[in-house]
Amino acid sequence: MIDFSELARGRANHFLTLLAQWVAIPSPFDSESCQPDAPFGRGVADALGWWQTLGDDAGLNTLNVDNHAVHIEYGSGDEIVYVFGHADVIPAGDGWHFPPYQLTRLGDKLMGRGVVDDKGPMIAAWLALDILRELKLPLARRIRLVAGGNEETGFRCIRRYFESQPKPAFAFTPDGKFPVIYGEKGSLLVTLISPVEQPDLSVCCGEVVNSIPDVAHLRGLSLYSGSWTLEDGFTLLAEPECADHWRLYGRGGHSSKPEACLNPVAATAQLLHQRFNAPWTQQLAEITEAKAGQSGVRFALDTAGECGKILLVPTVLNIKNGLMTLTLNVRYPENLSAETITQRLEQWNHDWPDSRLEIQPVKPPSLYPPDSPLVRTLHEIYTRHTGDTHHPSRTTGAGSYASAMQNAVIFGCEFPDGSSGNTHSADEYGSLSRFISAIGIYAEALYRLANLPAATSEKRGN
């Protein structure tokens with residue numbers, strides 16, 4: 001029996017070297033530097049270029065697909081096993097205690113933007129492939145490690161990639177938690193646009209549609225008189241030497257986990273409604289309020305599916321020159337459809353004839369059979385490497401590339417023990433020892449999937 005874990009332990013220094021290089025390339029989406037050879041901005045293009053150079057230097061076949069995604073390929077065969085992760089990250093944002101684009105090591109703790117989402121997991125997959133290459137193990141299928149450039153802001157990369165490339169025999173994305181996540185919610189972006197009766201009012205809160213921000217910046221808002229309150233946990237500070245300029249602090253994080261956050265968008269909405277009590281503030285407060293708005297109760301959309309209940313999470317709020325724009329990151333289970341959600345929200349919006357909704361589908365929900373050979377094989381590998389029999393395979397409210405591929409699930413790279421965290425927040429961190437464990441897990445997973453009996457395309461969802 002091959003001891004993949006032992007072989008992984010010898011790659012710790014190599015892992016650190018590669019992760020430091022990739023984290024040092026700032027790669028959030030940047031509209032200002034978009035051009036044909038960099039459709040998601042120069043930083044993303046540079047990060048994809050680093051990935052391709054990694055494969056080129058190892059003497060492997062690589063391919064840049066329209067500057068959207070880059071794959072590294074090993075082996076031969078008609079069928080392909082994919083590991084599909086991403087090179088783009090969300091913006092660093094505020095609140096970091098260490099440089100976001102520099103790998104910081106504090107003992108076992110590794111910090112930096114992209115450490116766990118998703119550069120560290122992709123490097124773990126690369127070093128897992130390195131083990132297979134070193135052992136020259138027989139593989140019935142090719143293996144492709146693909147880095148996309150647009151996971152955080154729309155999935156255009158994976159859609160473009162599979163317009164020209166073969167579909168997977170088996171696939172996983174290392175962009176979630178172990179052991180196996182076989183189902184995930186669909187996603188919509190809902191934008192509410194409304195005129196504002198206060199032309200001097202300015203609000204800037206959030207810039208990434210799938211992240212809850214930490215702070216809202218408010219200008220032209222008088223709070224020195226009149227009654228108003230904030231929920232516990234939020235902090236409101238006056239800007240130094242600026243009358244009616246404020247910063248409202250909450251606690252940000254990933255929009256798929258709003259219960260762990262204090263959302264300053266929602267708090268700002270409630271504060272504005274207390275101060276102005278106008279039709280537009282009422283609408284804003286209704287759709288952002290946690291118990292009825294974000295939960296979908298107000299729109300009769302709160303029936304749970306296998307992937308849980310709908311979430312309508314406010315992530316970006318801008319008010320300027322008499323116009324409000326609010327963006328909601330909507331995650332919905334497989335028992336709902338984009339059409340139903342759109343219909344219910346438009347019915348609710350009829351009470352505010354001056355406002356309008358723009359609804360953009362991002363991806364549908366998906367469910368892969370939990371008793372399939374793919375899920376069973378990956379879960380068995382994870383259990384044998386970790387001894388963890390307490391965490392079953394499950395579904396998630398997050399969204400990943402797995403929903404955009406056939407025969408695909410989420411498989412790591414975060415462990416269910418709190419050893420990584422702050423994804424989409426300041427001081428994003430992961431565990432070196434856990435990454436090394438993942439290298440061994442991924443090495444065996446790639447070997448087994450490359451030789452597993454052929455799969456049929458199985459995926460359920462809208």
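1. T327 is buried, because its relative accessible area is 10% (buried means under 20% relative accessible area, exposed over 50%, partly exposed in between, with a 1.4 Å probe and protein chains only). T327 sits in strand β18 (residues 323-332); helices (H or I, at least four residues) and strands (E, at least two) are DSSP runs, numbered from the N terminus. Apart from its neighbours within four places in sequence, T327 is in contact with L189, V190, T191, V209, V313, P314, T315 and V316, where contact means heavy atoms within 4.5 Å.

2. A word on the ground rules: this is a predicted model, where local features need pLDDT of at least 70, side-chain atom pairs count only at pLDDT 80 or more, and totals for chains, interfaces and linings use all residues. Residues are numbered from 1 along each chain as its sequence is written, and side-chain values use heavy atoms, with hydrogens and water left out.

3. On to the rings: the structure holds 23 aromatic pairs (rings of Phe, Tyr and Trp, the last by its six-membered ring, pair if their centres lie within 6.5 Å; planes under 30 degrees apart count as stacked, over 60 as edge-to-face and the rest as tilted). F15 and F435 make a tilted pair, 4.9 Å centre to centre with 35° between the planes. This pair links distant parts of the chain, with F15 in helix α2 (residues 12-23) and F435 in helix α11 (residues 432-451), 420 residues apart. Both F15 and F435 are buried.

4. For F84 and F162, the ring centres are 5.8 Å apart and the planes are at 45°, so this pair is tilted. F84 belongs to strand β3 (residues 80-86) and F162 to helix α5 (residues 156-164), 78 residues apart. F84 and F162 are both buried, and one aromatic cluster is formed by Y82, F84, F155, Y161, F162 and Y401.

5. Helix α2 is worth a quick check. Its 12 residues should span 16 Å at 1.5 Å a residue, and the end C-alpha atoms are 16 Å apart, which agrees; the expected span is 1.5 Å times one less than the number of residues. The buried residues in α2 include F15, L16, L19 and W22.

6. Finally, the cysteines: a search of the whole structure finds zero disulfides, a disulfide being a pair of cysteine sulfur atoms within 2.5 Å. For C157, the nearest cysteine sulfur is that of C34, 13 Å away. C157 counts as buried because its relative accessibility is 0%. C261 is also in no disulfide, and the nearest cysteine sulfur, that of C205, is 12 Å away.
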